[in-house]
Amino acid sequence: MSRPLVCSFLLGIMLTLLMAPVVAQEPDRSPAVATLDAPTLLLESTADHRKFEQLSGPFESGPDVTRACLECHTEAALQVHRSIHWTWEYDQPETGQKLGKRFALNNLCLGIAGSEERCSSCHTGYDFDGPDFDFTAEEKVDCLVCHDTTGTYVKFPTGGGHPPAEDTVFRGTLFKAPDLAEVAQNVGKTSRETCGSCHFEGGGGDAVKHGDLDSTLLSPAHSVDVHMSPDGLDFSCSTCHEFSGHIQEGSRYHVTAKAEGGISVPGRESERPSCESCHGSEPHDTRIHDKLNQHVERIACQTCHVPELARGGMPTKTFWDWSTAGERDEDGRPVVRKDEEGNVVYDGMKGDFRWDEDYPPIYRWFDGNMRYTLLGDRIDPSQPVEVNFPEGGPDDPRARIWPFKVMEGRQPYDTQFETLLLAHLFGRDENAFWRGYDWDKAIISGMAEARRAGQTDATFSGSFDFVDTRMYWPVNHMVAPKEQALSCESCHSTDGRLADLPGPYIPGRDRHPWIEPIGWAAVTLTLLGVLGHGGVRYWLYRRRYH
């Protein structure tokens, strides 16, 4: 082999060795790898529902879609049947009360008996229009309302749980009929949009009920909610409210007020959703804020870290007076009046409202149990009736100081039996208040429906009036950044957040004839001791060297 040829051969080997790492770093563009990558980029699920023939449609109704879903998800409907989302029934283990939306009263829409067809716009089922509803029917479970990813699936307000079959206007709002096949082929995980379609709209509209849950949480600013903000942790609802077999963690009827299990560990019983399940029982820096960690023993995290309600830019309803409902115009349609900000302050169907925004919650001791005033329970109409109230007190080691939205209202009660009453609001008969605007007929019908549904044995005397009521809603969402948490002075002052809270001595808020004199005496004696000690040292110094 000639010398030039040998040199060329060696140079070629060197270049090959030098290029080898570069070639190895180039992505593999083979067809096989591209095929593997494509589904990962498009779907988080292991199944592409667009490929299922069963979901190709067309579908005549929601139950038709559910039947197709159940061909593969054979246990899904049976799991949903065990959930409070389906039963609207909850046996509170500590108070012994039967609660859930079918049994508990409220001072928003009062209760559902006789009005199920309207209320079921948030039920996870189809055709729930009365106590005869078949709770064992698997095809009546609405899969799409929780698993829609298109944003086009919506239940019609008066449709008994069904979406509109055709584009329909309801009280000025257009409800478009969804393409059921398109929705079915694009199902996915639950989202803020699907959960919020009911939980943001509770009480009859966006931001009405809770004060810490409204549509601003679809994409909140970091200052509104550090957990759900895209600029923060970007949580979905199910990040904390975990689901297992279609059963979710967390219930406002039985709150985990004081979690003691610490940080959640796989394989160990979880107390989620609770702040401690992620942050532990000593969330603050012990070198600087150990005093704050001591507060965790009796103060809920939300108390300091949710400084105000309705902070996202939408006001929440704080007062609802049913006694003024019934005003209609010359055409017989209910009168609607709005304030300067566009909030409805009077609706002939519902009465007078008040709204508030960016306002502090009310604080009460809370052990996690909400006690309800149910149909048939005796009330004292001479003072505001508490439709529900948090149990627990300063002497209860399980109780913590907790923030609440307080909803005030006026609603019907039996003046002879002194019990709260339930009215039949929605229906296609003249007994429904929103059709005949006759309170006597609506209450007689509502109480009869409540008895037929097994909600109560109470009867209506025939005499009614309206009574002031109050209802407590636990606050858990809209957690602000730590820089916006309450300061020490917010509570440790005479007119602070805890001014009316019963309980132990709170420095700065309370005065005691002995504690302060003893404290100031200790300060004075300490000062005298320091001065005396320094004086003696100085005298000895002067005596030694002079």
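This is a predicted model: local features need pLDDT of at least 70, side-chain atom pairs count only at pLDDT 80 or more; totals for chains, interfaces and linings use all residues.

Me: Why is S83 called buried?

Reply: The relative accessible area of S83 is 2%, and buried means under 20%, so S83 counts as buried. S83 is found in the loop between α4 (76-80) and α5 (84-87), and, leaving out residues up to four places away in sequence, S83 touches H246, I247 and Q248.

Me: What makes T318 buried or exposed?

Reply: T318 has 15% relative accessibility, and since the limit for buried is under 20%, T318 is classed as buried. This residue T318 belongs to strand β7, which covers residues 316-321. Beyond the residues up to four places away in sequence, T318 touches R354, W355, D356, Y359, V406, M407 and E408.

Me: Which residues have the most contacts inside the largest nonpolar core, and which elements supply that core?

Reply: The largest nonpolar core holds 50 residues, and those with the most contacts inside it are W322, Y372, L420, F433, W439 and M447. At least two residues of this core come from each of β12 (370-372), β15 (400-414), α14, α15 and β17 (464-474). With neighbours within four places in sequence left aside, W439 is in contact with W322, A325, P412, A423, F433, F464 and F466.

Me: What makes the pair of R364 and D500 a salt bridge?

Reply: The closest N and O atoms of R364 and D500 are 3.9 Å apart, and because the limit is within 4 Å, the pair is counted as a salt bridge. R364 in strand β11 (residues 362-366) and D500 in the loop between α16 (488-491) and α17 (515-545) are 136 residues apart, so that the pair links distant parts of the chain. D500 has a relative accessible area of 53%, and with exposed meaning over 50%, D500 is exposed; R364, with 24%, is partly exposed.

Me: How do you know that D468 and R410 are joined by a salt bridge, and how many salt bridges does the structure hold?

Reply: The closest N and O atoms of D468 and R410 are 2.8 Å apart, and since the limit is within 4 Å, the pair forms a salt bridge. The pair links distant parts of the chain, with D468 in strand β17 and R410 in strand β15, 58 residues apart. Both D468, at 35% relative accessibility, and R410, at 23%, count as partly exposed. The structure holds 28 salt bridges, and E89, D91, K98 and R102 are linked in a network of salt bridges.

Me: Which residues form a nonpolar patch on the surface?

Reply: L525, L527, L528 and L531 form this nonpolar patch, with about 430 Å² of accessible area together, and one of them, L528, has its place in helix α17.

Me: What makes the phi of R171 and of Y437 worth a remark?

Reply: Most residues other than glycine have a negative phi. Phi of R171 is near 50°, a positive value in a residue other than glycine, and phi of Y437 is also near 50° and positive.

Me: Why is the peptide bond from G57 to P58 called cis?

Reply: The omega of the bond from G57 to P58 is near 0°, and the bond is cis. Most peptide bonds are trans. P58 is found in the loop between α2 (31-42) and α3 (62-70).

Key. Residues are numbered from 1 along each chain as its sequence is written. Side-chain values use heavy atoms; hydrogens and water are left out. Helices (H or I, at least four residues) and strands (E, at least two) are DSSP runs, numbered from the N terminus. Buried means under 20% relative accessible area, exposed over 50%, partly exposed in between (1.4 Å probe, protein chains only). Contact means heavy atoms within 4.5 Å. A nonpolar core is a set of buried Ala, Val, Leu, Ile, Met, Phe, Trp, Tyr and Cys residues joined through side-chain atoms within 4.5 Å. A salt bridge is a side-chain nitrogen of Lys or Arg within 4 Å of a carboxyl oxygen of Asp or Glu. Patches are made of residues with over 30% relative accessible area and no salt bridge: like charges are joined within 9 Å, nonpolar side chains (Val, Leu, Ile, Met, Phe, Trp, Tyr) within 5 Å. Accessible areas come from the Shrake-Rupley method with a 1.4 Å probe; for residues, only the protein chains shown count as cover.
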